[in-house]
Amino acid sequence: MAQGTETPAGPPDSTSPGATGSAAYLSRRTLRRGSAGWLLLTGLGVAYVVSGDFSGWNIGLSKGGFGGLAVAMVLMGVMYACLVFALAELSAILPTAGGGYGFARRALGTWGGFLTGTAILIEYILAPAAISLFIGDYVESLGLFGLTSGWPVYLACFAIFIGIHLWGVGEALRFSLVVTAIAVAALLIFAVGAFTEFDAGRLNDIPADPSAFGSNSWLPYGLLGIWAAFPFGMWFFLGVEGVPLAAEEAKDPVRSMPKALAISLAVLVFLALITFVSATGAQGADAIKEAGNPLVVALQGDGEPTALSRFVNYAGLAGLVASFFSLIFAGSRQLFALSRAGYLPRFLSLTNRRKSPYLGLLIPGVIGFTLAAWSGNGGRMLNVAVFGATISYALMALSHIVLRRREPDLPRPYRTPGGARTSGVAFVLACSALVATFLVDRDAAFIALGVYAVALAYFAFYSRHRLVAAAPEEEFAALAAAEAELKRD
């Protein structure tokens, strides 16, 4: 048995120690296996991210200009590509709902697993809360049902979409695929329309700041502007790393997970390029750099709505719904895995008759709704989510490096091209992006660190002494420890 773990016993689950107790414990915490093939997983990967193509990324123009954001987008694209290749290998080795937590647990121990899992939870609980605010703004701006942005709209978002998730994972992922397809089609149609107004001279129309080191027409805020634009370059890809969280419910995850990760990233790279270039060239970087709906602004040169701009506005709502819906899924699965292993209260991993972690869906939903209704600051919550994401990226990349070097003979059905060098690039860029978040929103970074501190105190003083050895991720780590002990003997 792994050090610091135990078989579940006592309330609230009343399972006795031993194999029988472990079986009873896990039987109440099972997901529906074989529910998602590579197509649904690919749709999930794109759904996580697609709302970022409709808004948010453009703020990076106000930090780095077109050139600064372009360089930041390329570097962040490289980071995500390297990370996705590493995660494809790790998810084929350990296809469970734990995702990043499970990978880090084996490579970095219980502390590394908890640090990684908590960072992922920060991302996937805060991001849906922020997106619910943006959905409210879209509903109000479009005049849908005469509603204004407020708590009834946020509540409806959480209630309806969590309800679909409670219905079943297969139904949920099919719904996500349909909404995502609508959003992707809208981005392609937008790009065609925007390129008809394209003027390369508008790309660099932000006046250069003469006080910024290295500033010019392409880098109006200087070289430091590239670094400050890192978090916004991430918006074109933020969330795709969550695909492995569906591994336990996937069909043939060893084959489907690497395929889905690769295809979804390729789709996202293509969408990022055409959206970024066409939107900026249509009306100019200065015109859209702080717009809440940059694609609509890009299509409305004279300020008057057109049929295409109205269509893109509605499609933007579809993109927000797709990301909101998929991020709820990701957060529930990470919470499920951490709870099942005892890092968080065990009752959070209980599943219903349809094999959905109902408390893992409902409780984050309550937290997200409360944050949205109370704060009303979607930008701040997204910045907190980005801070958590960058921590998890660095730790997941480090996990790949450690496992490659410490366990070179571990069976790997899929192998990362470039091996540890690839994940090393991801690690360096993730650390750079983490520091860049302080340049963008220092308050958000400290809020995330405060949440981290509370979670770590809980783990240090309570849950690390009550881990569940029978959980798949813990068994995987225990096997590694046993093998290492045999080698020493």
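What follows is a short chat about cysteines, one serine, a helix pair and one glutamate.

Visitor: What should I know before starting?
Guide: This is a predicted model, where local features need pLDDT of at least 70, side-chain atom pairs count only at pLDDT 80 or more, and totals for chains, interfaces and linings use all residues. Residues are numbered from 1 along each chain as its sequence is written, and side-chain values use heavy atoms, with hydrogens and water left out.

Visitor: Is cysteine 157 buried or exposed?
Guide: Buried, because its relative accessibility is 7%. Buried means under 20% relative accessible area, exposed over 50%, and partly exposed in between, using a 1.4 Å probe and protein chains only. Cysteine 431, at 29%, counts as partly exposed.

Visitor: New topic. Where does serine 339 lie?
Guide: In helix α13, residues 307-340. Helices are DSSP runs (H or I, at least four residues), as strands are (E, at least two), numbered from the N terminus.

Visitor: Why does serine 339 count as buried?
Guide: Because its relative accessibility is 0%.

Visitor: What does its side chain reach?
Guide: The side chain of serine 339 reaches the backbone oxygen of arginine 346 at 3.1 Å. A polar atom of that side chain also lies 2.6 Å from the backbone oxygen of proline 345.

Visitor: Which residues does serine 339 touch?
Guide: Not counting residues up to four places away in sequence, they include Tyr25, Leu344 and Phe347. Contact means heavy atoms within 4.5 Å.

Visitor: Now helices. How do α5 and α13 cross?
Guide: Helix α5 covers residues 100-142, and its axis comes within 8 Å of that of α13, crossing at roughly 150°. Axes are lines fitted to C-alpha atoms, for helices over the stretch in contact, and angles run from 0 to 180 degrees between N-to-C directions. The two helices are therefore roughly antiparallel. Under 35 degrees is roughly parallel, over 145 roughly antiparallel, 65 to 115 roughly perpendicular, and the rest oblique.

Visitor: And glutamate 140, which helix is it found in?
Guide: Helix α5. Glutamate 140 is partly exposed, with a relative accessible area of 40%. Leaving aside neighbours within four places in sequence, glutamate 140 is in contact with Leu147, Thr148 and Ser149.

Key: A polar contact is a pair of N or O atoms within 3.5 Å; within protein, one must be able to donate a hydrogen and the other to accept it, and residues adjacent in sequence count only if both atoms are side-chain atoms.
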